[in-house]
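Please read the points below with the coordinates open beside you. They are set out in the order in which I would go through the model.

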Amino acid sequence: MSQVRIRIPEKIKPGEIVTVRALVSHPMEMMAFKGGKPVEKNYNFVHKVEATYNGRKVFEAATTQAVSQNPFVSFTVKADAPGVVKIVFHDTQGKTYEGQVEIKF
Amino acid sequence: MKSQQDLRSTRRAVLKRLGATGVALGALCWGLVVPGGAAAQGGAGMPLPDEKVADTLKRLFGDRPLQSAGERIKFEAPMIAENGAVVPLRIEVELPMTKDDYVKNVYIISDKNRRPMNAQFSFTPDSGKASVGTNIRLGSTTDVRAIAETSKGVIYEARREVKVTVGGCGG
């Protein structure tokens, strides 16, 4: 369930700009309305996505409930050295979903 | 005769007063509803459930002008989205990513969603390129804006209209 699926191209050349695609299973709860007013509760949705490449931050996203269920993000990394791209999804309930992928030439 | 006139005038006065009270009560209700909505959002910095797109832009960028992006932003969005719950978007910003001048943030803002600010993406020079793809929800047919902000504070905006057949925002 709490697994992050990541895809990168099969062949990577040094210095190339690589597109990383990540997907996580998450309900991304939508705001409920009762009598025209929003229901007050702690909605469960992914509000932050962070990605690092060999410890350096390459990408960060602040997402809202307007992002679809099972959120998908793609971003790029400049692959200048072999290493690990690590992605963390944070949701509003304090849960984190982590995934990583290795870049090698 | 005189007493009748008196009566009439008082009746009128009473009605007027009633009307004024009604308006005041109405105003009070509005005053109460809006902060309640803000509290529903919980976190700090979260916008109200209903925010006009102009207010969103003002909140995010202040009075800085938005320049039309032209060729600088490659923004792929479907012309017709059959399902508003999953609208795939792809944004590529064709600007240099050097240490001194890079694309710091990319925003997705959809004009007619209840809360127009949908997502904010931050990049660093290590990203190589400010490129992002994601799926968003749209409530109805609307303009979607991709807004790129560079580290020097210049803002570029690209816009696409997406026609939505079935809205994806529930209530």
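Predicted model: local features only at pLDDT ≥ 70, side-chain atom pairs only at ≥ 80, totals over all residues.

1. Among the contacts in chain A with a separation of 6 or more, 57% are made by residues 24 or more positions apart.

2. The largest nonpolar core comprises 57 residues, and the ones with the most contacts inside this core are Ile87(A), Phe89(A) and Ile73(B). Apart from it there is another core, of 9 residues, which includes Leu57(B), Leu60(B), Phe61(B) and Ile147(B).

3. Which residues are in contact with Phe89(A), once its neighbours within four places in sequence are left aside? Among them are Val4(A), Ala22(A), Val24(A), Val46(A), Val49(A), Pro71(A) and Val73(A), and the list also includes Lys48(A), Lys95(A), Thr96(A) and Tyr97(A).

4. The size of an interface is often given as the accessible area lost when the parts come together. Here chain B and chain A bury about 2,700 Å² between them, with 52% of that area on carbon and sulfur atoms, and the contact takes 37 residues from chain B and 31 residues from chain A.

5. Between chain B and chain A the count is 20 residue pairs in polar contact, both residues being at pLDDT 80 or more. On the side of chain B that touches chain A, the elements giving two or more residues are α1 (2-41), β4 (87-93), β6 (117-123) and β7 (130-136) of chain B; β6(B) gives the most, with 7 residues. The residues of that side divide into 14 nonpolar, 17 polar and 6 charged.

6. How many salt bridges are counted between chain B and chain A? The count is 1, and Arg56(A) forms a salt bridge with Asp126(B), in which the closest N and O atoms are 3.1 Å apart. Over all chains, the structure holds 17 salt bridges.

7. Within chain A, Lys41(A) and Glu29(A) form a salt bridge whose closest N and O atoms are 3.2 Å apart. This pair links distant parts of the chain, 12 residues apart, with Lys41(A) in the loop between β4 (37-38) and β5 (46-53) of chain A and Glu29(A) in the loop between β2 (16-24) and β3 (33-34) of chain A. Lys41(A) is partly exposed because its relative accessible area is 42%, and Glu29(A) is likewise partly exposed, with a relative accessible area of 28%.

8. A salt bridge also joins Glu60(A) to Lys57(A), with the closest N and O atoms 2.8 Å apart; Lys57(A) counts as partly exposed because its relative accessibility is 39%.

9. In chain B, the side chains of Arg59(B) and Glu51(B) meet in a salt bridge at 3.2 Å, N to O. Is Glu51(B) buried or exposed? Glu51(B) counts as buried because its relative accessibility is 14%, under the 20% cut-off, whereas Arg59(B), at 39%, counts as partly exposed. Elsewhere, a network of salt bridges links Asp111(B), Asp143(B), Arg145(B), Glu157(B) and Arg159(B).

Definitions and conventions. Residues numbered from 1 in each chain as written. Chains lettered and ligands numbered in written order. Heavy atoms only, no water. Core = buried A, V, L, I, M, F, W, Y, C linked by side-chain atoms within 4.5 Å. Buried < 20%, exposed > 50% of the residue type's maximum accessible area, 1.4 Å probe, protein only. Contact = heavy atoms within 4.5 Å. Buried area = accessible area lost by both parts, 1.4 Å probe. Salt bridge = Lys/Arg side-chain N within 4 Å of Asp/Glu carboxyl O. Polar contact = N/O pair within 3.5 Å; in protein donor to acceptor, adjacent residues only side chain to side chain. Helix = DSSP H or I, 4+ residues; strand = E, 2+ residues; numbered from the N terminus. Nonpolar A, V, L, I, M, F, W, Y, C, P; charged D, E, K, R; others polar.
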